[in-house]
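These are my notebook entries on a structure that is new to me. I set down each item as I looked it up.

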Amino acid sequence: MTRMEKDEIFRDRSDFIGDFNFGENVAAVFDDMLNRSVPFYQEIQRMIVEMVNDFAADGSNIYDLGCSTGTTLLNLNRNIGSKVKFIGIDYSEDMLARCRKKLSEDHFTGQYELICADLNKGVHVENASVVIMLLTLQFIRPLYRDKLIGSILRGLNDNGCLIVFEKILGEDSLINRMFIKYYYDMKKRNGYSDLEIAQKREALENVLIPYKLLENRELLLKQGFRYCDVFFKWYNFCGLLAIK
Ligand SMILES: C[S@@+](CC[C@H](N)C(=O)[O-])C[C@H]1O[C@@H](n2cnc3c(N)ncnc32)[C@H](O)[C@@H]1O
């Protein structure tokens with residue numbers, strides 16, 4: 001049975017902080033990391049299931065881009081009424097190994113496929129009623145984001161949706177600093193030390209590149225989504241629902 005191991009990746013002081021990566025060490029503690037680092041993570045999962053239920057169409061595909069250890073796929077499979085195929089894509093073999101294990105332990109009943117691929121190189125999406133990018137677009141190099149969103153749009157069926165959830169920048173630097181402070185306070189309440197927070201921040205610096213809320217909205221509308229609205233906002237985190 002997969003146990004949820006405690007995230008202590010940045011607990012000890014290190015002289016050299018390399019770029020954050022989604023290798024074996026992170027994959028092993030990833031579920032605990034998300035639960036303690038993402039505000040209202042369980043509620044966001046619940047909201048995603050609720051929204052997907054309204055868009056999922058029998059015979060279509062549901063994509064989870066950056067599926068990590070499969071938490072979203074599992075929640076969807078347990079709660080979605082329609083007969084769909086789930087497709088999880090991630091470039092980390094270590095994440096996908098955990099995902100495969102969790103899906104099999106949960107006796108995942110739906111049809112599914114897990115694909116190892118780098119989204120910076122684009123993605124092939126077809127017959128999709130829903131595409132989900134939960135905390136993943138922020139890791140795609142800005143240079144490739146337009147093209148990626150364009151491919152997703154083309155692969156979505158009419159009236160299908162893209163659900164994006166991101167860490168974001170505040171609209172101005174004062175507000176941004178305040179939001180980041182509140183966010184780090186939340187992490188402290190969830191048991192992370194100042195050192196852990198600082199070392200992780202450094203590791204993510206060149207890897208996680210957040211946009212402002214309005215920049216993300218513009219990115220989606222510019223590619224041709226008809227509507228885009230905010231379904232969740234907490235300081236420097238935001239969820240967007242875009243409809244083709
Ligand atoms: C923060 S995690 C996503 C969390 C997950 N969606 C969830 O809520 O459980 C980001 C995921 O995106 C994957 N990822 C980052 N950059 C990627 C890329 N260029 N191509 C494919 N996957 C990528 C990482 O391996 C990681 O599993």
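Which residue takes a positive phi just after α6? I looked there and found Gly191, with a phi of about 100 degrees. I note at the outset that the model is a predicted one.

Entry on helix α6. I then turned to the helix itself, which covers residues 173–189. At 1.5 Å a residue, its 17 residues should span 24 Å, and I found the end C-alpha atoms 24 Å apart, which agrees.

Entry on the whole protein. I counted eight helices and seven strands. The radius of gyration is 17 Å, close to the 18 Å that the globule rule gives for 244 residues, so the protein is as compact as a globular protein of that length. Along the principal axes, the C-alpha atoms fill a box of roughly 50 × 45 × 30 Å.

Entry on the sheet. I traced an open sheet of seven strands with mixed pairing, and recorded the order as β3-β2-β1-β4-β5-β7-β6. The edges belong to β3 (111–116) and β6 (227–234); each has a single partner strand, so one side of each lacks a neighbour in the sheet. From one strand to the next, the twist averages 15 degrees.

Entry on one strand pair. I followed β1 (residues 61–65) alongside β2 (residues 85–90) and found them paired in the parallel sense over five bridges. Within this pair, Asn61 stands opposite Lys85 of β2.

Entry on helices over the sheet. I found helix α4 (residues 93–105) lying across β2 and β3, at about 165 degrees to β3. Helix α8 (residues 213–223) lies across β5 (156–167), β6 and β7 (237–243), and runs at about 20 degrees to β7.

Entry on the ligand. Which residues are closest to the ligand? I listed Phe22, Gly66, Tyr91, Ser92 and Leu119 as the closest of the 19 residues that surround the ligand. I sorted the residues of this shell into 10 nonpolar, seven polar and two charged.

Definitions and conventions
Residues numbered from 1 in each chain as written. Predicted model: local features only at pLDDT ≥ 70, side-chain atom pairs only at ≥ 80, totals over all residues. Near = placed C-beta within 6 Å. Nonpolar A, V, L, I, M, F, W, Y, C, P; charged D, E, K, R; others polar. Pairing = 2+ DSSP bridges. Helix = DSSP H or I, 4+ residues; strand = E, 2+ residues; numbered from the N terminus. Axes fitted to C-alpha atoms, helices over the stretch in contact; angles between N-to-C directions. Contact = placed C-beta atoms within 7 Å. Expected span 1.5 Å × (residues − 1). Rg over C-alpha atoms; globule rule 2.2 N^0.38 Å.
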